[in-house]
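User: Hi! I'd like to go through this model with you before I set anything up. Could you walk me along it?

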Amino acid sequence: MTPKIKKQRQPKVAIVHDRLNVRGGGERVLEEIAALFPRAPIYTLIYEPSLFADSEIGKHAVRTSFIQRLPKAASHHRYYIPLMPLAVEGFDLSRFDIIISSSAAFAHGVRTTPRQLHISYIHSPMRYAWHQYQQHVARSGVGSPFIRLLLAYLRRWDRGASQSADWLLANSAWTTQLIRKAFHRQAEVLYPPVHTEWFKPAAQRDDYYLAVSRLVPYKRVDLIVGAFSKLGRPLVVVGEGPEGKKIRSLAKGNIRILGYQPRQAIIDLMQKAKAFVHAAEEDFGIAAVEAQAAGLPVLAYGHGGLTETVVEGRTGLFFREQTEESLMGAVIEFEAHGHFNARASQKNAERFSVDKFKSGLAAFVDQKWHSFLGSTQFQSEI
């Protein structure tokens, strides 16, 4: 008589993300993680459902923290930053086998047990507590003593919280260096997913430069607008955020600030632009890869994750200082440089496709779960 083989129970997966009151690069990564695990609930500090009605995220059960119930949590989340460590630690994940956190600040701090596997995808260590500390203190003005105390507390919490994850993944080699410095831990690189298949260079390009970014201080869109106001070159800026009013006040007549634009409008703008401009010290920079998929040369600040995605002289040019003058010099050099090969840019962008991210993450989780149990093979839910 043939013995019955007991069917192995499929592990229960939960996904944790910092907050879902904006749509940016981190949320694009989360969409693909969510697609890979379609039955996994998503735990997050704050959720604005209307932003994700057309997204894979909107198909999932989303669980929020107590911060969701506080006044104006979605629009004024910064006021509640001191409460966020407590809130993320309050999630009860005890019924899950595998926890996948997507973190640029707090999600990696969820509490787990030795019987759970926790893999954390780190977009960046908490920027304002670590590598952008001085900028945030300088902007805080008379409130700087309080900000210093808060950031000191967050650094202590962040380093301690980072030790709870069994494995760390990072979105770039640049981010692994930040992780090593902040957390005293090693991380493996898994580049974020980019929908390179959405883009195709237009047969004829228009005469404008393009910037696509959230309008927040570290993105330095103010620097781009200032430089192009002096140059007089046509510039289109896509994005919204707390810096919007300031950036509009800097823009002269040669600059159009479009605010939020739907996906197809951004695709059309990228496919017809002259070049893409990026001035932030970026951890990875999805928009710059999308631009290359559209055949666009990228003019970028040559520091951070973009040095891994842009091939200087072949798919773009770097400016070396985060100043208007340095960016202006790069624009002038670009215009004198001559033709950039659109196909070379496209081919370079294909290194960062969605399929490569999803297969890489599935293989990583499979391997770590297999090692964790010793005898049980993990199978993704797709």
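Analyst: Happy to! Strand β12 (residues 298–301) and β13 pair in the parallel sense over 4 bridges; two strands count as paired if DSSP finds at least two bridges between them. Helices (H or I, at least four residues) and strands (E, at least two) are DSSP runs, numbered from the N terminus. This is a predicted model, where local features need pLDDT of at least 70, side-chain atom pairs count only at pLDDT 80 or more, and totals for chains, interfaces and linings use all residues. Residues are numbered from 1 along each chain as its sequence is written, and side-chain values use heavy atoms, with hydrogens and water left out.

User: What stands opposite F318 in β13?

Analyst: That's A300.

User: And are the faces of β13 covered or open?

Analyst: Both are covered: G316 and F318 on one side, L317 and F319 on the other, are all buried. Buried means under 20% relative accessible area, exposed over 50%, partly exposed in between (1.4 Å probe, protein chains only).

User: OK, confidence next. What does the chain average in pLDDT?

Analyst: The average is 91, and 92% of the residues score at least 70. The scale, from 0 to 100, is the predictor's confidence in each residue.

User: Switching to β1: which strands does it pair with?

Analyst: β1 pairs in the parallel sense with β4 (residues 98–103) over 5 bridges and with β2 (residues 42–44) over 3 bridges. V16 has S101 in β4 as its bridge partner, while H17 has T44 in β2.

User: Which way do the β1 residues point?

Analyst: V13, I15 and H17 point one way and A14 and V16 the other, and all are buried. In a regular strand the side chains alternate between the two faces of the sheet.

User: Last one: which residues of α11 are buried?

Analyst: S326, L327, M328, A330, V331 and F334. Their cover includes β8, α6, β11, β12 and β13.

Conventions. Contact means heavy atoms within 4.5 Å.
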